[in-house]
Amino acid sequence: GVPFAVKTLIVGAGLPTLRGTEALWNIESDEVLRKMIGGILSVDGYRVREFAQVADAAATPPGAAPQAILLDTSAIGAPALVMKLREENRALKLLSLAVEPPAVTLPDFPHKAMAHLPKPFAISALLRMVRGLLDSGLR
């Protein structure tokens with residue numbers, strides 16, 4: 001048979017990396033969930049900026065737009081914030097954690113640049129979704 005170390009190397013080589021270095025905004029009112037999401041993404045190399053409320057993120061000076069934003073798109077002010085950030089960064093990606101699909105509240109945001117992961121979700125699904133969205137190259 002094939003030695004265990006070689007099997008591990010072969011199997012591991014086929015797995016896509018979920019790590020990244022991109023700037024992400026995580027807007028989540030639930031402190032425990034916000035810290036958990038931010039912590040896990042930070043450990044994987046992402047530069048995560050956390051906000052408790054959409055209004056906190058909206059108060060950020062122009063020029064700081066992230067490459068992707070994670071938020072509940074049904075939150076008050078969320079659609080306006082997303083579109084404002086899209087003006088700054090036309091390649092902005094959106095991961096909606098809302099119950100309803102993000103196209104409902106953001107009909108003008110490019111559908112190929114958004115993904116939907118309603119709560120509750122598995123952290124592994126979040127990591128795969130973030131990486132897949134950032135790698136999609138679609139704008």
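Me: How many aromatic pairs does the structure hold?
Reply: The model examined here is predicted. A pair of aromatic rings is described by the distance of the centres and the angle of the planes. For pairing, the ring centres must lie within 6.5 Å. The number of aromatic pairs in the structure is one.

Me: Which residue lies over the face of phenylalanine 109?
Reply: A charge counts as sitting over a ring if, for Arg, CZ is within 6 Å of the ring centre. Here the distance from the ring centre is 5.4 Å. The residue over the face of phenylalanine 109 is arginine 86.

Me: What is the volume of the largest cavity?
Reply: Rolling a probe the size of a water molecule over the atoms shows where empty space is left. In the whole structure, the search finds one cavity of 30 Å³ or more. The largest cavity has a volume of about 40 Å³.

Me: Which helix and strands each supply at least two residues of the lining of the largest cavity?
Reply: The lining includes Ala68, Ile69 and Leu70, together with Lys93, Leu94 and Leu95. Val130, Leu133 and Leu134 also belong to this lining. The elements that each supply at least two residues are β3 (68–71), β4 (93–96) and α5 (123–135).

Me: How many residues of the lining of the largest cavity are charged?
Reply: Eight residues of this lining are nonpolar, and no polar residue is present. Lys counts as charged, and Lys93 is among the lining residues. The number of charged residues is one.

Me: How many residues of the lining of the largest pocket are charged?
Reply: The largest pocket, with a volume of about 150 Å³, has Glu28, Asp72 and Lys119 among its lining residues. Its lining also has six nonpolar and two polar residues. The number of charged residues is three.

Notes: Residues numbered from 1 in each chain as written. Predicted model: local features only at pLDDT ≥ 70, side-chain atom pairs only at ≥ 80, totals over all residues. Heavy atoms only, no water. Phe/Tyr/Trp six-rings, centres within 6.5 Å; stacked < 30°, edge-to-face > 60°. Lys NZ or Arg CZ within 6 Å of the ring centre and 35° of its normal. 1 Å grid on protein atoms, 1.4 Å probe; cavity = no way out; pocket = protein on both sides within 12 Å on 5 of 7 lines; lining within 4 Å. Points joined across faces, edges and corners; volume = space filled by probe spheres on them. Helix = DSSP H or I, 4+ residues; strand = E, 2+ residues; numbered from the N terminus.
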